[in-house]
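Dear colleague,

I am passing a structure on to you with this email. Please look through it first, and then read the notes that follow.

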Amino acid sequence: MSEYLLILVSTVLANNFVLVRFLGLCPFMGVSNKVEGAIGMAIATAFVLTLSSASSYLVYTWLLVPFDLTYLSTLSFILVIAVMVQLTEMIMHKTSPLLYRVLGIFLPLITTNCAVLGVALLNVQEHHNLLQSALYGFGAATGFGLVLVAFAAVREKVAMADVPVHFKGAAIGLVTAGLMSLAFMGFSGLANL
Amino acid sequence: MTAAVIILTLLALIFGLALGYAAIRFRIEGNPVADEIEAILPQTQCAQCGYPGCRPYAEAIAAEEAEINRCPPGGEAGIKQLAELLGKDIIPLDADVGIEKALPEVAIIHEDVCIGCTKCIQACPVDAILGAAKQMHTVIATECTGCELCIPPCPVDCIDMIPTKIDITNWHWGKPIPITTISEIADTRGEEVA
């Protein structure tokens, strides 16, 4: 039990995918202009990440390992992720058209979110079982969502602030992200996996 | 090698089937009737029908919440097309919403009176008015749909509607003349076409 808790704490705080591992930076910068969009993106990513890490684990253990095809893991994980994103897009279009329009192009772009592929590959590397894999994916997504929403809230404030002209826009965004990353360094001793 | 190809193909095939099923399961029921109605409406976005634009009016007609005779820019021809599409009777244009104009009109701003308040710019549904605060405004005649929405907000009443002049861009052939009567009106035909 404590092991699973450790995975969660580790992925959400200590080894945060965005601020410590620097994965999934493009949606982090791209969808963080508004808090509502960020929340939607966080939910969509959580859905995709959890499902795709669990199903990549299944594909890996039941298909790639028995047939000795582990060298194809990247390729097949990308396939799994693409399918999951497509599925999420369909479900979201049906259940929440508004969110679908808010997220727009960033929804299909979850496919290229390196955090998603990163989680799948790290699961293999760390020899996680199915539940651990799913939890690892969910934890990564929670961490991603946490910093994405926090960062969006900061950026909404920064947009109002009197920023020197050369720092306006993406530049001050990156500086802010750097400071947040420094803050997350403080969690590094919390959980070691 | 062959096993790898076969297994990946199978994997992709299974995923493809799953997605295909999901596409059917989560299909969005669009409203094809509303789309067809919207294609008939003139897209002036003038809101004279009481709905914020052509699309909401089309949806209201499709849901049978609105009559088909509330579109003055579409006029009699529009009502006729809507009646044909929906299998309804042709009814005259509702007098409450306005009258059909003989010729399409465009707004014109009397530029010596304009004070540059930008109120008409905010009212224009098709962004046909050009100008900035405390600068003279003007109407882009080719974009103006003649919806008259800019007239009420103007504090100095400097906007008028003028009929568009018939020129090479908006002239079109007159309605075809029925063959039985062609000899009777042959001598008035010059006026018909012009």
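In these notes, helices (H or I, at least four residues) and strands (E, at least two) are DSSP runs, numbered from the N terminus. This is a predicted model, in which local features need pLDDT of at least 70 and side-chain atom pairs count only at pLDDT 80 or more, while totals for chains, interfaces and linings use all residues. Residues are numbered from 1 along each chain as its sequence is written, and chains are lettered from A and ligands numbered from 1 in the order in which they are written.

Two loop residues come first. Most residues other than glycine have a negative phi. B:Glu148, in the loop between strand E3 (138–139) and strand E4 (159–163) of chain B, has a positive phi near 70°. A:Asp68, in the loop between helix H3 (35–64) and helix H4 (73–95) of chain A, also has a positive phi, near 60°. A residue is buried if 20 or more other C-beta atoms, placed from the backbone, lie within 10 Å of its own, exposed if 12 or fewer, and partly exposed in between. B:Glu148 counts as partly exposed because it has 19 such neighbours inside 10 Å, whereas A:Asp68 counts as exposed because it has 9.

As for the chains, residues are in contact if their C-beta atoms, placed from the backbone, lie within 7 Å, and the contact takes 14 residues from chain A and 12 residues from chain B.

How values were computed:
Contact = placed C-beta atoms within 7 Å.
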